[in-house]
Amino acid sequence: MKNMYFIILAILVILYVVHEVRKKKFSIKESFWWIIASLIMLILAIFPYSIDRLAKFLNIAYPPSLLFVLCIIFLLFINFRNSKKIAEHQEKIIELAQHVAILENELEDLRRKERGK
Amino acid sequence: MKNGKVLFVIPAYNEEENIEKVLKEIQNDANFADVIVINDCSKDNTKKIVEQNGVKCITGIFNLKYAMAVQTGIKYAYVNNYDYVIQFDADGQHIAKEAIKLLEEIKRSDSDIVIGSRYLKDTGYPCPFFRKIGTKFFAGIIQIICKKKIADPLSGFQCLNKKVIERYAQMGNYPEFPDANLVIEMLILGYKIKEIPVKMRLRENGESMHGGIIKPIKYMINMLYTIVFIIIQNPRKRAR
């Protein structure tokens, strides 16, 4: 049972993600793709020949390379998503900071007027 | 209707065609209550129309989406010490007179949340096919998990008491779609939810936010996944 290690690894990943979400350290929404990925990992660990069959179906001569391709695609996907989100957040933070600055200025003006009265 | 400050929370996004009628209706039929419109960065004249009607309007700096707009309103209610919040839609589906029913019910019973339901009785509400299936499906899930019958967990027509306002206002992870998942979480946490039948109108202008085919499917998957984790997150309280 060589693939036993991989089954254990996949289960550990799932447990870790679930644990983090359970303790509310990780958001439910963001955990979705990690759970999907670790479930695929588990399936591939239990049925290692499925990757061979898929490779044959896709005319790939060396099946393990398919595994790498899949991994890279997943990582690229997650990475692109993250980078997109970071850009969005950055924009929003700048907008918020500018807004807060303007509000603070207005508040100060109001306070000064109040004191002047 | 003397005891308790009541706030209508109305999230609005591009609702210039409907909002005026909605506000007038509330001012006529429920004049004891305050109204706040959360203008979710509308691109049309929603803000102008709301202010012309003498209603307070909070405008976001960027689009927050429906749920976060609702939470903004609830936070406003929390900060300003309101006793009851009525979540009300800006598209004219909800009827102000029915909102009073919700309010009376929450005052009379010891419920924390009162949901206005279209399906509890046959109120003659014609319902889109997908929505009907979704509602039935999630009602079934709630029944299984919480042993409680909530016929319309997707209804945004709700009345909250102070305890719930406090809880929602302080929730860091207020869900993107606060429907069945939030109902389940609140039930697990021991809050009392009651449902009463209300009438609703059909949407007159504008588009629903649950349109199309891909969106409902995404919504279903998202909701199911979230429910699973909500159960995992609150295991001990559930056993009680």
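## Helix α4 of chain B

Let's start with helix α4 of chain B, which covers residues 96-108. Helices here are DSSP runs of H or I with at least four residues, strands are E runs of at least two, and both are numbered from the N terminus. At 1.5 Å a residue, the 13 residues of α4(B) should span 18 Å, and the end C-alpha atoms sit 19 Å apart, which agrees. The expected span is 1.5 Å times one less than the number of residues. Keep in mind that this is a predicted model, where local features need pLDDT of at least 70 and side-chain atom pairs count only at pLDDT 80 or more, while totals for chains, interfaces and linings use all residues. Residues are numbered from 1 along each chain as its sequence is written, and chains are lettered from A and ligands numbered from 1 in the order in which they are written.

Which residues of α4(B) are buried? They are B:Ala96, B:Glu98, B:Ala99, B:Leu102, B:Leu103 and B:Ile106. They cover an arc of only 150 degrees around the axis, which puts them on the same side of α4(B). The arc is taken from the directions that run from the helix axis to the C-beta atoms. A residue is buried if 20 or more other C-beta atoms lie within 10 Å of its own, exposed if 12 or fewer, and partly exposed in between, with C-beta atoms placed from the backbone. An α-helix has 3.6 residues a turn, so residues three or four places apart point the same way. The cover over the buried residues of α4(B) includes β1 (6-12), α1 (19-29), β4 (84-87), β5 (113-117), β6 and β7 (193-197) of chain B. Contact between two residues means that their C-beta atoms, placed from the backbone, lie within 7 Å.

In α6(B), the buried residues are B:Val164, B:Ile165 and B:Tyr168. Seen down the axis of α6(B), they fall within an arc of 105 degrees, so they line one face of the helix. On the other side of α6(B), B:Lys163 and B:Gln170 are exposed. The buried residues of α6(B) pack against α3, β4, β5 and β6 of chain B.

How do α3(B) and α6(B), the latter made of residues 162-170, meet? Their axes come within 8 Å and cross at roughly 120 degrees. That makes α3(B) oblique to α6(B). Axes are lines fitted to C-alpha atoms, for helices over the stretch in contact, and angles run from 0 to 180 degrees between N-to-C directions. Angles under 35 degrees count as roughly parallel, over 145 as roughly antiparallel, 65 to 115 as roughly perpendicular and the rest as oblique. The crossing of α3(B) past α6(B) is left-handed, a label used if the near helix is turned anticlockwise from the far one by less than a right angle, with right-handed for clockwise. On the α3(B) side, the contact includes B:Ile74 and B:Tyr78, and on the α6(B) side it includes B:Ile165 and B:Tyr168.

B:Lys65 belongs to helix α3 (residues 65-79) of chain B, and its phi is near 75 degrees, a positive value in a residue other than glycine. Most residues other than glycine have a negative phi. B:Lys65 counts as partly exposed because it has 14 C-beta neighbours inside 10 Å. B:Lys147 also has a positive phi, about 55 degrees, although it is not a glycine. B:Lys147 lies in the loop between α5 (129-146) and β6 (158-160) of chain B, and it is exposed, with 8 other C-beta atoms within 10 Å.

B:Lys47 sits in helix α2 (residues 46-52) of chain B. Is B:Lys47 buried or partly exposed? B:Lys47 has 18 C-beta neighbours inside 10 Å, so it counts as partly exposed. B:Lys47 and B:Thr59 are twelve residues apart in sequence and 7.7 Å apart in space, C-alpha to C-alpha. Leaving out residues up to four places away in sequence, B:Lys47 touches B:Asn39, B:Ser42, B:Cys57 and B:Thr59.

## Over to chain A

The axes of α1(A) and α2(A) come within 8 Å and cross at roughly 165 degrees. These two helices are therefore roughly antiparallel to each other. Among the residues in contact are A:Phe6 and A:Val21 of α1(A) and A:Trp34 and A:Ile46 of α2(A).

Twelve residues of chain A are in contact with nine residues of chain B. On the chain A side, α1 (4-22), α2 (28-46) and α4 (63-116) each give two or more residues. The largest share, four residues, comes from α4(A).
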